[in-house]
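Below is a short briefing on one protein chain.

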Amino acid sequence: MKKIILSVTALLLLLVTLPVSALEKPKVTDHEKVVINMFRGNGCSACKNALTDLVGLNGEYDEYIEIKTYEVWHDSSNSAFLQELIDDFKEEKPGVPFFVIGDKHFVGYSQEEIIGYALELYQDKKYSDYVSKKAKKSENKLTSMTLKEAAIEDGIIEDTTKTTETKTNKNDILIVVGIFVVLIGGMAGLIVASKK
């Protein structure tokens with residue numbers, strides 16, 4: 001048992017001491033926020049992983065970026081707009097997640113690449129959002145969601161704005177009963193031991 005505890009402790013210490021790669025943040029200015037446009041499919045595992053990672057940033061880059069998501073598997077207008085972008089960028093291997101930042105696109109997700117490029121654009125006075133300009137001219141109406149809304153839709157986080165009934169989990173009941181039995185048994189054991 002001691003070996004298991006030592007192994008787990010060593011593993012936890014290793015995880016805690018691993019270097020964390022943080023992207024260098026530019027100086028906050030009056031520059032407009034850079035929009036990261038994420039085209040995703042609800043139910044796409046790669047999209048869910050990207051959303052999970054972006055939600056995990058906990059607003060660390062909110063002073064610099066805004067993330068807009070567009071669901072394309074169930075929204076035909078968003079899907080048609082994405083196809084326009086794929087044609088514009090002459091992307092030969094399209095897929096989701098598909099990101100557009102400024103006038104550059106990325107297929108797939110890498111935090112360092114996506115956030116890093118957005119932070120780089122934040123410092124560019126000539127930055128403009130290609131998607132918003134194209135959306136004004138397109139016949140396809142874009143429907144966007146915030147990162148939080150997309151994460152709720154994909155089941156990554158719970159919607160805390162809705163009131164939900166508290167559901168009792170059978171495992172929770174078993175845990176409480178188990179603790180109660182251990183406490184009562186321990187107290188009984190102490191009483192018996194003290195009488196000897």
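## Salt bridges and overall layout

Asp88 is partly exposed, with a relative accessible area of 31%. In this predicted model, Asp88 belongs to a salt-bridge network together with Glu84 and Lys134. The protein chain holds seven helices and five strands, and its elements follow the order α-β-α-β-α-β-β-α-α-β-α-α from the N terminus on.

- The side chains of Lys134 and Asp88 form a salt bridge with an N to O distance of 2.9 Å. This pair links distant parts of the chain, with Lys134 in helix α5 and Asp88 in helix α3, 46 residues apart.
- Lys134 also forms a salt bridge with Glu84, where the closest N and O atoms are 3.5 Å apart. Because Glu84 lies in helix α3 and Lys134 in helix α5 (residues 130–137), the pair ties together parts that are 50 residues apart in sequence.
- Lys134 has a relative accessibility of 18% and therefore counts as buried, the cut-off being under 20%. Asp88, at 31%, is partly exposed.

**Other salt bridges**

- The whole structure contains four salt bridges.
- One of them joins the side chains of Lys25 and Glu60, at 3.9 Å from N to O. Lys25 sits in the loop between α1 (2–17) and β1, and Glu60 in the loop between α2 and β2, so the pair links distant parts of the chain, 35 residues apart.
- Both partners are partly exposed: Lys25 has a relative accessible area of 39%, and Glu60 has a relative accessibility of 34%.

**The sheet**

- Five strands make up an open sheet of mixed pairing, in the order β4-β3-β1-β2-β5. Its edge strands are β4 and β5 (145–146), each of which pairs on one side only.
- β1 and β3 run antiparallel and are joined by four bridges. Ile36 has Ile101 as its bridge partner in β3.
- β3 also pairs with strand β4 (residues 104–107) in the antiparallel sense, over four bridges. Phe98 has Val107 as its bridge partner in β4.
- β3 and β4 form a hairpin with two residues between them, and Gly102 in the turn has a positive phi of about 65°.
- In a regular strand, side chains alternate between the two faces of the sheet. In β3, Phe98 and Val100 point one way while Phe99 and Ile101 point the other way, and all are buried.

- Asn37 lies in strand β1 (residues 34–40). Its relative accessibility is 0%, so Asn37 counts as buried.
- The side chain of Asn37 makes a polar contact of 3.0 Å with the side chain of Tyr70.
- Leaving out residues up to four places away in sequence, Asn37 touches Lys68, Tyr70, Phe98, Phe99, Val100, Asp129 and Val131.

**Backbone geometry**

- Most residues other than glycine have a negative phi, and most peptide bonds are trans.
- The peptide bond from Val96 to Pro97 is cis, with omega near 0°. Pro97 is located in the loop between α3 (76–89) and β3 (98–101).
- Lys90 lies in the loop between α3 and β3. Phi of Lys90 is positive, near 55°, although the residue is not a glycine. Lys90 is exposed, with a relative accessible area of 66%.
- Asn58 is another residue other than glycine with a positive phi, about 50°. Asn58 is found in the loop between α2 (45–56) and β2 (65–71), and is exposed at a relative accessible area of 69%.

**Surface and contacts**

- The accessible surface of the protein chain is about 13,700 Å², and 57% of it belongs to carbon and sulfur atoms.
- Buried residues account for 30% of the 196 residues in the protein chain.
- Ile175, Ile179 and Leu183 make a nonpolar surface patch of about 300 Å². Ile179 lies in helix α7 (residues 170–195) and is partly exposed, with a relative accessible area of 48%.
- Of the contacts in the protein chain between residues at least 6 apart in sequence, 74% join residues at least 24 apart.

Key. Residues are numbered from 1 along each chain as its sequence is written. This is a predicted model: local features need pLDDT of at least 70, side-chain atom pairs count only at pLDDT 80 or more; totals for chains, interfaces and linings use all residues. Side-chain values use heavy atoms; hydrogens and water are left out. Patches are made of residues with over 30% relative accessible area and no salt bridge: like charges are joined within 9 Å, nonpolar side chains (Val, Leu, Ile, Met, Phe, Trp, Tyr) within 5 Å. Accessible areas come from the Shrake-Rupley method with a 1.4 Å probe; for residues, only the protein chains shown count as cover. Buried means under 20% relative accessible area, exposed over 50%, partly exposed in between (1.4 Å probe, protein chains only). A polar contact is a pair of N or O atoms within 3.5 Å; within protein, one must be able to donate a hydrogen and the other to accept it, and residues adjacent in sequence count only if both atoms are side-chain atoms. Contact means heavy atoms within 4.5 Å. Two strands pair if DSSP finds at least two bridges between them.
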